[in-house]
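Please open the structure in your viewer and keep the selection panel at hand. The tour below goes from whole chains to single residues, and each stop says what to select next.

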Amino acid sequence: MPFASIINILLALLLAPLLPGVINRVKAFFAGRRGQPLLQPYHDILKLLRKGAVYSRTTSWVFRAGPVLGLAAAMVSLTVLPLGGTPAVLAFPGDLLLFAYMLGLMRFVTMTAALDTGSAFEGMGASREAWFSMLAEPALLLGLAALAVHTGSFSLSGMLDGLALVEIGGPGAPLLLLVAVAFGIVLLTENARIPVDDPNTHLELTMIHEVMVLDHGGVDFGFIQYAACLKLWALAALLTGVLLPPLSGMRPADMALGVALILAVAVMVGVIESVMARLKLLRVPQLLVAASVLSVLALALVLR
Amino acid sequence: MTLFLAALAVMTAGGAACLLVGRRPAVSLLGASTCTLASAAALTAAVRGMASGRTEDLLLPWPIPFGSFHVGLDGLSAFFVLVIALICPLAAIYGVSYLKPQREKKNLGGTWFFFNLLTVSMLLVVTARDAVLFLMAWEVMALTSFFLVMFEGERAETVEAGWTYLIATHLGTAFLLAMFVLLSGSGASMDFTRLQAASPAAAGACFLLALVGFGTKAGFVPLHVWLPQAHPAAPSHVSAVMSGVMIKTGIYGLLRALTFLGPPQLWWGWTLVGIGAVSGILGVLLALAQHDLKRLLAYHSVENIGIITLGIGLGLVGITSGDPAMAALGMLGGILHVLNHAVFKGLLFLGAGSILHATGSRNIEQLGGLIRRMGTTGATFLIGSAAISGLPPLNGFVSEFLIYAGAFGSLAGRPGAGAAALPALIVILALAMIGGLAAACFAKAFGIAFLGEPRSAHAEGAHEAPIGMRLPMIVLAALCVGIGVLGALAVTAAAPAAAVLLPTVDVLSQVRRVQLWLGTVSAGAVLLLVLAAGLAALRRRLLSGRTIGRTVTWDCGYTAPTARMQYTASSFASPLLGSFRLILRPDSRVHAPQGMFPAEASLHTQVEDTFERYVFTPAFRRVRNLALRLHWLQAGPNQLYVLYVAMAILVLLVWKLR
């Protein structure tokens, strides 16, 4: 395990809250506003950590365990992700499963914590989360399968490292583009962004992710916000890993490139949120099935 | 082997003694203690056999035509003995407290007799080395479990479930009988060592017979219809044994049959992968549609049998395509999932039993808020729920990881593989869908039953189960975590069994390879637990000394919510089921609100088992109509029957003298 792999994780832990800040600034730019400071999410999280708590009398320890386990799972998912050609701390064949299932664990504890409040809104949010993630899971795993066929490795580090060698415009390019679009849709779904979910909505009935954490506050909510940033970082790192341009071979420069690309994903998310509206709820499954179809198409390309 | 046979003898004797003791209160203790003691002995024998790597064999003469008392303990048998001897005693201990309320009403001697005999027969099924002995044990297993299902025989639905089970299991046995006859050829002996397929075509036919015969017991879709009826009808500790262990004898049978059939043919693996995918996905979808907790769990057994079959199928595909890693990983994953499913499904059924014991209801729509009334049951049920959803750091993830890794490994670096890559892709797609759906289903089952506010007076007055019922659940939950964290160790238990099935593959080197990966998975699991503990400590530290308020759940400012305003299990599952309505065809009766001031409105949705409704019910109706046509034969007068007997003898005489 190279020392740089630890820096990988430290970078993620430090810079992840920057992503929502970037998204908000991009959205403000499109709306012609000045927008909140870039570092606002840091301030938000720190402020939340300084607060007390209010719990519903309906809730039990499951409600309190949700944010803790969710954040721990998000952190573990970072340990299998490479960044800018630097392999992950835990790089082994099959680590992609640990990645996918850690995100699954995070989702599961969020859903149970939501159901613990006994609120119809939160139950609805949990149900929708389960529905969409069930449809997003095949897109992610089939896309990874396509990459495995292409690169000959089924470790995220080996897989994405192999991709850096694929020249742009080469025979692998269409495959990578298809997988990247599929992963992009998965990223938007898993992080509750437009067009799947609108993080700015103010009506409980229309929320998905936000409504599940309605009753959390203070430290717990700080954990949830931070875990959400880490999850966004993790999926952005996966997405940019697929689209990584040829590397210079110098580790600091490559890592900086990796971080820059992740920030670029945040910009892209901000642009998407600015230029399009949220999809009708019943249309979202079609989008997710389309993502799976893209992954299957990528597989067909590479297995042909 | 002596130890193992002694275990069988003790358990049988204990069961018989229970029958004699009858209604006295000590009967439960007697039954459970003999079962536990004997299981400990059987477990020791199995573990010793696995560790030594030797195959033990015992052949005793037996005055039965074609048969001999031949039992053996190789890696495959030892693994299944381990599973049986692990779950059955825990279920028995649980049963002591669980059956206590029934003591006045029922004769428990019979129940314990059948329970012990069921355990003995399962142990014999997985160690028999003679087809006649195997089929006898198989039949005893079917009958004892039938009588256990009929424990609450005063209820009409139990009786129907029991009969469905009895018919299904005997139809399955008929296929097995045909298979063994075909395999034994013209030989006078039905010893397993002599069974072999005469030709590749015969092997294929035998494979199909085994698939139907053993698949009925295991619950392959579409042969599963008896399972969700019979398992919930039995007392909960018996459901745990039937769903966790007994259906696995079907898997054992299929695996054992594969050792007779010679080198597997290409289509066998493909067929198993297909059956596994269909069983897995349909099982979990139908589970999602259930409100009856035990029925939901029973459908999840169909799903998990699907996962096991995916692993075995992948293993067979690996053999035929000459990919030792795929063969070993698929087989190891499938076999290890047998143990894992037994552990978490046993746990979940015991948890469902505790709920039933405490509230008298299995309908999750009537429950809610149980975690604050039944802390231990709730915590262990949550662990079981996460484990069955395949989430790390629990045991379900380890076996699913192995199967996934087999599939991914076979794909990696094979561009241009074409259609040959299809089984691995189906495995990945099916496991991904099953994972998402299972997590949704158990978020629903756990969330609606244990969380929120109680939805009925029964749930309101629930009480925690006695220690005798809690202890087995705690042990099983600890096993879920233990196997999950020490996956590299757990896989060694499956290795001898896989070695029996894969004589051409160097299983040991594959195990060593995968142990490195699983070791890293363990590192991730430990890291998760450490981080969670650290964050929990941080949270406590931050919150200490600050004001912690308590209030109602946020309901948009509405301050007087009732329990009926909570989200229900049906609503939770509705969008997911809607995505699959073409397969599930849910019935819904809507009474929509009408007019300016609607007085009442209602919505009722129900999902019936697609196969039961569109295949089996019409088929059996046709059989019954056919049978009714022959009704005139059985008119009633005794003279007529005497005439039939005489005619039969006459026909036989003519046939013989001809």
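The radius of gyration used here is taken over C-alpha atoms, and the globule rule that goes with it is 2.2 Å times the number of residues to the power 0.38. Before selecting anything, note that this is a predicted model, in which local features need pLDDT of at least 70 and side-chain atom pairs count only at pLDDT 80 or more, while totals for chains, interfaces and linings use all residues. Residues are numbered from 1 along each chain as its sequence is written, and chains are lettered from A and ligands numbered from 1 in the order in which they are written.

**Chain B as a whole**

Select chain B, for which a compact globule of 658 residues would have a radius of gyration near 26 Å, and the chain has 26 Å, which agrees. Its C-alpha atoms fill a box of roughly 95 × 70 × 55 Å along the principal axes. Colour chain B by secondary structure to find 24 helices and 5 strands; helices (H or I, at least four residues) and strands (E, at least two) are DSSP runs, numbered from the N terminus.

The domain assignment of chain B, whose bounds come from an automatic or database source, gives domain 1 (1–199 + 216–262), domain 2 (264–412 + 421–538) and domain 3 (615–657). If you select domain 2 and domain 3 of chain B together, their C-alpha centres lie 49 Å apart.

Next select residues 56–60 and 69–73 of chain B, which are strands S1 and S2, paired in the antiparallel sense over 5 bridges; strands count as paired if DSSP finds at least two bridges between them. Here B:Leu59 stands opposite B:His70, and 4 of the 5 residues of S2 in chain B are buried.

**Chain A as a whole**

Now select chain A, where 12 helices and 1 strand are found, in the order α-α-α-β-α-α-α-α-α-α-α-α-α along the sequence. With 304 residues, a compact globule would have a radius of gyration near 19 Å, and chain A has 19 Å, which agrees. The C-alpha atoms of chain A fill a box of roughly 55 × 40 × 40 Å along the principal axes, and buried residues make up 64% of the chain.

**Where the chains touch**

Show both chains and select the residues in contact, that is, those whose C-beta atoms, placed from the backbone, lie within 7 Å: 72 residues of chain B meet 67 residues of chain A. On the side of chain B that touches chain A, helix H20 of chain B gives the most, with 15 residues. That side divides into 46 nonpolar, 19 polar and 7 charged residues, where Ala, Val, Leu, Ile, Met, Phe, Trp, Tyr, Cys and Pro count as nonpolar, Asp, Glu, Lys and Arg as charged, and the others, Gly among them, as polar.

**The largest nonpolar core**

A nonpolar core is a set of buried Ala, Val, Leu, Ile, Met, Phe, Trp, Tyr and Cys residues joined through C-beta atoms within 7 Å. The largest one has 359 residues, of which A:Ala145, B:Ile428 and B:Ala498 touch the most other members. Helix H16 (residues 422–450) of chain B gives the most to this core, with 23 residues. Centre the view on B:Ile428 and, leaving aside residues up to four places away in sequence, you will find that it touches A:Leu141, A:Leu142, A:Ala145, B:Tyr404 and B:Ala407.

**Backbone details**

Which residues does a cis peptide bond join in chain A? Select A:Ile194 and A:Pro195, where omega is about 15 degrees; A:Pro195 is in the loop between helix H8 (173–190) and helix H9 (209–212) of chain A. In the loop between H8 and H9 of chain A you will also find A:Ala192, a residue other than glycine with a positive phi, near 55 degrees. With 23 C-beta neighbours inside 10 Å, A:Ala192 counts as buried.

Finally, select B:Val221 and B:Pro222, which are joined by a cis peptide bond with omega about 5 degrees.

How values were computed: Buried ≥ 20, exposed ≤ 12 C-beta atoms within 10 Å, placed from the backbone. Contact = placed C-beta atoms within 7 Å.
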